[in-house]
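Subject: The structure we talked about

Hi,

Here is the structure for you to open in your viewer. My notes on it follow below, and I hope they are handy as you look around.

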Amino acid sequence: MSEHVVDVSWTRGEHEFTYDTYSRDHEWRFDGGITVPGSANPAYLGSPGPVDPEEAFVAALSSCHMLTFLSIAAKKRLVVDSYDDHAVGVMAKNAAGKLAITQVTLHPKITFAGPTPDAGTLERIHHLSHEECFIANSVTTEVTVAGL
């Protein structure tokens, strides 16, 4: 077992505290010393620059899938030179009628040092990556890899 800690901080500052006027800007501080500016999505009155929780959720799924894929590839002695993903999350109402990120589609582009594994091998590695990704195992969101 492991424990993962993030400190999230917000202050009102000079802003009036009404629904339309309070600032959604805040900070995420991670145990490694990194501070990330956060806000609500601009559609929910947040600032456009900081990371919003929806983006962070999609990034966590993509990152976990990638790290699991790299682990499996390394164990299979497949040398990966680069892995780039354009992950897309869709927010919609779930079965309970609540807003949720209901689907995330990963679009990985992977470059191998040697020959590219055949489509069946890649599909099996992606499937296993999804099965072993602890973030994917923690959510009800449908996660798919485009092209598989």
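Which residues of strand β7 (residues 108-112) lie on its covered face, and which on its uncovered one? Pro108, Ile110 and Phe112 make up the covered face, while Lys109 and Thr111 are on the uncovered one.

Before the rest, a word on the source. This is a predicted model, in which local features need pLDDT of at least 70 and side-chain atom pairs count only at pLDDT 80 or more, whereas totals for chains, interfaces and linings use all residues. Residues are numbered from 1 along each chain as its sequence is written, and side-chain values use heavy atoms, with hydrogens and water left out.

**Strands**

Helices (H or I, at least four residues) and strands (E, at least two) are DSSP runs, numbered from the N terminus. Two strands count as paired if DSSP finds at least two bridges between them.

Three strands form an open, antiparallel sheet in the order β1-β2-β3. β1 (6-9) and β3 (35-38) are at the edges with a single partner strand each, so one side of each has no neighbour in the sheet. On average, neighbouring strands here are turned by 20 degrees against each other, direction ignored; the axes are lines fitted to C-alpha atoms (for helices over the stretch in contact), and angles run from 0 to 180 degrees between N-to-C directions. Four bridges connect β1 with strand β2 (residues 26-30) in the antiparallel sense, and aspartate 7 has arginine 29 in β2 as its bridge partner.

Further along, β7 pairs with strand β4 (residues 80-85), antiparallel and over five bridges. There, valine 80 has phenylalanine 112 of β7 as its bridge partner. Strand β5 (residues 88-93) and β6 are also antiparallel, over six bridges, with glutamine 103 in β6 as the bridge partner of valine 90. The β5 and β6 hairpin has five residues between the strands, and glycine 97 in this hairpin takes a positive phi near 80 degrees.

**Cores and the disulfide**

For what follows, buried means under 20% relative accessible area, exposed means over 50%, and partly exposed lies in between (1.4 Å probe, protein chains only). A nonpolar core is a set of buried Ala, Val, Leu, Ile, Met, Phe, Trp, Tyr and Cys residues joined through side-chain atoms within 4.5 Å.

The largest nonpolar core has 10 residues, among them Val58, Leu61, Ile101, Val104 and Val143. At least two of its residues come from each of α1, β6 (99-106) and β8 (142-145). A second, separate core of eight residues includes Ile72, Ala73, Ile110 and Leu122. Valine 145 belongs to the largest core; leaving aside neighbours within four places in sequence, valine 145 is in contact (heavy atoms within 4.5 Å) with His65, Leu106, Pro108 and His126.

How many disulfides does a search of the whole structure find? It finds one, where a disulfide is a pair of cysteine sulfur atoms within 2.5 Å. Cysteine 64 is joined to cysteine 133, S to S 2.4 Å, and the link is right-handed, with 140 degrees about the S-S bond. The pair links distant parts of the chain, 69 residues apart: cysteine 64 is in helix α1 and cysteine 133 in the loop between α2 (119-132) and β8. Cysteine 64 is buried at 6% relative accessibility, as is cysteine 133 at 1%.

Threonine 68 is in helix α1 (residues 53-75) too, and at 13% relative accessibility it counts as buried. A polar atom of the threonine 68 side chain lies 2.8 Å from the backbone oxygen of cysteine 64. Apart from neighbours within four places in sequence, threonine 68 is in contact with Ser129, Glu132 and Cys133.

**Loops to look at**

Most residues other than glycine have a negative phi. Leucine 45, in the loop between β3 and α1, has a positive phi near 70 degrees and is partly exposed at 40% relative accessibility. Arginine 77, in the loop between α1 and β4, has a positive phi near 60 degrees and is exposed at 75%.

Finally, glycine 13 is in the loop between β1 and β2, partly exposed with a relative accessible area of 49%. From glycine 13 to leucine 106 is 38 Å, C-alpha to C-alpha, and 93 residues in sequence.

Best wishes

Note on methods: A polar contact is a pair of N or O atoms within 3.5 Å; within protein, one must be able to donate a hydrogen and the other to accept it, and residues adjacent in sequence count only if both atoms are side-chain atoms.
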